[in-house]
Amino acid sequence: MDNTTTLEKHFHLFTDQFITELKASNNHFKDDYEKHLEIKNIQICADHILKNKGLEEPFFSDLKLNPSYEVRRYVRNVISDSIQKHELNWVLQQYNFLSSIFNKKTVQLLVDEYHIRQYFQYITSSKNTDEALEAVNYMLSLGYSENEMFYTVFFKYGNCFFFEYTSMENEKIINDLIDDKIPLSNHGKLIMAYVKENPKTELIHNIINFILSQTYNSKLKVELTYFLSNYFPTLLKNSIEDISKKKESYYDQIIEFDVVSLCLKIDKDYYSNLFIELFLKDDSIHIAEKLSLVLLMNKHLMDYNNDHVIQQLGESYLTNQLTKYQGAEHRHHYASTTQPLLHTYFEYLIKLDEKAALKRISTFFKDSSFLPGHLFKFIQEQFGQESLPLLLEGLKKDKNTYKNERHYFVNFTKAISELQFDDVIDDLFLFAFSSTLKDATESICSLIGQSQKGVAMSIEFSKSKKAKERSVAVQVLSKVEGEDSFIALASIVDFEKNDDSRDSILEKIQDIRFNSPFTKLEVKKMIEAASNRKKLSKWSEKYLDEEKLPKLFYQDGGPLDNNAIRFLFYRVKRAKGMNSDIEAKQLIQILDKEKCGKFAKVLIQTFKETNADPKLKYYLTLAGLMGGDAVTSTLNTLFNQSLKERRVKMCEYILGALAMVSTNKALRIIDQVYRKMINKKPALSKVAQESLTVAANELNITLDELADRIIPNFDFEDNFKAFEVEGEEYRAFINSDFKLNFLNEDNKFRKSIPKATSPETKKELKEIEKGIREAVKGQTLRLERYLVEERRWKSENWLEYFLNNPILFVYANKLLWSVFDKNGAFVDSFYCDEDMCFYNAEGEEIELEEDHFISILHPIYLSDEQLSAWETLVYENDIKTVFPLLERKVFKPNTAELNGNVTSLFKDKKVPKGAPFVISRLEKKLWRKEASDGGAADFSKEHSTEDVVAHPNISGPAMFYTENDAFIGDIYFTRKGQYYYSTEHKNMLTLKDVPPVFFSEVMADMQELLDAK
């Protein structure tokens, strides 16, 4: 600060803001009196700090409270804020005074942490080396050591400790350092200036020791090596043994190959002899590292032609290390790059003599009991069609090879598929017939399916009497598109006895076989075929007496025979997870559901009596499928009882059964569990969410369409519910505040239920009021998500949902709407009045066409004139939207950023209210928070219907409580499942592919963080 007046003005403003925030907070306080005392303490402390008075013991006695959390936080923030405002001298002048407040340990935390880290990082970023050097000397005069100052800068600069560069790739760093002569960083210049001024300093030796203590940071060692080679060459030669060796390594590696590579470029003659002496004669160094070293020297040194040494090491490596599986050793990489060492050695052999190399590699493939999967593609690329016999050796290895190599068969099939492999189809079939490994069989079957010969042979094998041959044939044909495979599968589906194979067939041909519901005749044929396959020959449900089960009936009144009942259990038992079986559904859809209730309740009771045996959960599935709302209440009662008894698994099974019921009543129960249990029992809430997804799949609708369906209408007609009171008709309706109001025959308005209403009607209306409150919970958030994700309803669906439901009709009145044509072009916008008429911004009535799509209006689609017209209309008609619409800020990507997946719109912007506010605000806006490295908090927002995820790079927030500052960095958009830095992915999402409203809303959330004061 330049003068006391400016300092005082800022200090008072800072203190007032701190106290204002404290008054609005309830953290750490038992009551208002304690908060009052704490605020008074801070005011006293602030007065003493400004006047630079010493704080003695009587001072704290007068405060009534010991120097507490808030006082400490205040002083810490004073220091932090002052440093960030570059009021550095003032903080230094206050050093001794501030130290008098706390004990030595706290002083170190409060002063040194902010003082050294933030202050020294500031001076080392200065472009004026003389000023930075002067600041260093000033820090030394305060008692700080060289090491304290220069070491802490490492945590800011990381790899760019000495030089300025941006690449994080080892090879690129080395090439840049050598070829481009990258300049010193500000920190590097400062070190050199300091050493020149203090020639006797031990700083460089200490920096070397410090960097060597950074166990895994090879990039920093590369920088150090180049720095020493340029400015302290003798010191480099004296230190190279320590620098070129790893202190610790996950793979027990010793050699720092990046340092070795750089040294060979710096002085190949000196360092090649040194490394040979240093590493090749060291018995503790793994043969793989020695081989990597000589190959690296062969690459860098034109006159290094010791082929005898390379091949001797290579043969030793092949013979002793890769003839049997030895854990992680197959992961060896050449010179710390991503290229496996085997690739490099084989490339060397091929360059030396291609014919001899092919012979040696062939021998290795045949003799080795273990093959790394990455070799298949490499060999195929090197030798083309000649590699086919070698690749086939990959099917003859020990089973442990396949088990220990996760992507072994994926790599194998990728390599083979690039070649003409009809000649080895027989070998592929033989392997598939004998394989007991599921992943291996699936991969080989997929490969066979890429060959016309393989498909033809599969059709023949599908008729085989051997179950394994039929099973493989089915797997092949199930992965192949085309009429021939469909015909073949359809011809055997009713005869295939192996249920796993048959289910694979059904999955493949279901769209054709079940494209329309089965008739009773077709269902009976399906049951007869199962009987012929001997699947219904005996009763297999030991907890149920077949003769005592309640009768089931077809819709035409005919009873189901024993085979039909057995078929139900046989097929439902085959269902996976919560889902139903597609064949069982064909029988269930022709049953008389009104007569299924007793049967379904017997299943529920039996399951309960078996103590919820998970092997019998298909009883609940079947009960849900056939019972309808007749069992919904039973299941709900059982759920509540199980929840009370803490039988969580039983609760999960019941949710699955309710999903099978799939009526609006059942789905509302699941939805209530999902919302109520989000915080109380997150795991159960997640199961409820999965159950809703299953129900949506069963109904062949989206989750959003399901959410529309389950909003109750309470049997309202035309959005009114009529009832009588002493012979007079009343009509209940839902007002704009989602409360029940009433009209009599004269349309006289009432807020409360008429006193003379019968007890039964009063009870019903009270239940409706309760139902309204329950249904409205979460609806506003849901609709705002629809705005952000631009959900669009077909006009007929929008009319059905929003005009025929008394709750959604209120939302229709309290929102503005967009109209889009079938090609997605914006057509118009409108609001809906209480008479169900639609008016645009000019007040003109409009009609919705059949091919129109309706969405909640976002201002991104409005011109300035249209926006102004809407603002006027909304004001004049007193339309109060349930959440802001026209007020929303609009953001669009910069033209220069459209072809990337990142925007720097808010880069380096500080969030005024800090990291805690970022966490609380983004969580309220439904951003997902996850732990990152070091306990930092990462946020993401996913577009639920599009393949888009937003990732803001925000520094400061942590998974646990933090008072850090927060800064917004770049904001990335990716596809689901990608990391936010996947900038080189083949299918990378670009900003021009991001839905415009989603982009705008993500940016608006960031702007909201910056605007909050």
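I took a salt bridge to be a side-chain nitrogen of Lys or Arg within 4 Å of a carboxyl oxygen of Asp or Glu. The model is predicted, so I note that local features need pLDDT of at least 70, side-chain atom pairs count only at pLDDT 80 or more, and totals for chains, interfaces and linings use all residues. Residues are numbered from 1 along each chain as its sequence is written, and side-chain values use heavy atoms, leaving out hydrogens and water.

**Entry 1: salt bridges**

I searched the whole structure and found 47 salt bridges. I looked up D581, which forms one with R571; their closest N and O atoms are 2.8 Å apart. D581 lies in the loop between α33 and α34 and R571 in helix α33, so the pair ties together parts 10 residues apart in sequence. Helices here are DSSP runs (H or I, at least four residues), numbered from the N terminus.

Then I checked burial: buried means under 20% relative accessible area, exposed over 50%, and partly exposed in between (1.4 Å probe, protein chains only). D581 is buried at 6%. R571 is buried too, at 1%.

I also looked up D704 and R785, whose salt bridge has its closest N and O atoms 3.0 Å apart. This pair links distant parts of the chain, helix α41 and helix α43, 81 residues apart. D704 is buried at 11%, and R785 is partly exposed at 26%.

**Entry 2: helix α21**

Which residues of α21 are buried? I found A357, L358, I361, S362, F364 and F365. Seen down the axis of α21, they fall within an arc of 160° (directions from the helix axis to the C-beta atoms), so they line one face of the helix. On the other side, K355, K359, K366 and D367 are exposed.

Technical notes. Helices (H or I, at least four residues) and strands (E, at least two) are DSSP runs, numbered from the N terminus.
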